[in-house]
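Here is a short briefing to read with the structure open beside you. Take a look at the model first, then follow the notes below.

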Amino acid sequence: MHPDAVVSTSATLIGDVVVEADCSIGHDAVLRGDLAPVLVRSGATIQNGAVLHAPAGAPVEIGRDATIANRCCVQGARIGARTVVADGAIILTDAIVGADCAVAAGAVVLGGTCVPDRMLITGRPATGWSPRTTEVGPSRAYDRIDVAG
């Protein structure tokens, strides 16, 4: 764990877990790298109660400056840089969510799904996605769906 990372005392990190610089790991988050590696890239945020689990043969990678929000589950998946996974979303084994995506609260991304960059992902299960644009920086305060085309 990088010395510049902030990890709550109630978070649990097990096994092969790497947390890079400027990351934040919230209260009651669980990062399980006992069967495969978990890598949290610099600047990423793992919020309260989130679970990152790497089953055998399926590592977890959270991209630079990505956010995994409260009570999310990411199991054996790769999340791209600057992507936001909103509260309660579930990303299943071998899914790849590209950079600059937004996964809606409560969405379920099925195992093996590959989502390109800059998409809004919704649904239980997520069966399609829409292009998105960001009007203003990483706060994503002005995200919108690009419905042209």
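Leaving out neighbours up to four places away in sequence, A95 is in contact with G76, A77, R78, V109, L110, G112 and T113. Please keep in mind that this is a predicted model.

**A95**
- A95 lies in the loop between strand 12 (90–91) and strand 13 (96–97).
- Its relative accessible area is 1%, so A95 counts as buried, the cut-off being under 20%.

**H53**
- You will find H53 in strand 6, which covers residues 51–53.
- H53 has a relative accessibility of 15% and is therefore buried, as this value is under 20%.
- Beyond four places in sequence, H53 touches R32, L35, V60, V74, Q75 and G76.

**D4**
- D4 sits in the segment before strand 1 (6–7).
- With a relative accessible area of 47%, D4 is partly exposed, because the value falls between 20% and 50%.
- Setting aside residues up to four places away in sequence, D4 touches A21, D22 and C23.
- D4 and G43 are 39 residues apart along the chain, and their C-alpha atoms are separated by 9.9 Å.

Methods
Residues numbered from 1 in each chain as written. Predicted model: local features only at pLDDT ≥ 70, side-chain atom pairs only at ≥ 80, totals over all residues. Heavy atoms only, no water. Helix = DSSP H or I, 4+ residues; strand = E, 2+ residues; numbered from the N terminus. Buried < 20%, exposed > 50% of the residue type's maximum accessible area, 1.4 Å probe, protein only. Contact = heavy atoms within 4.5 Å.
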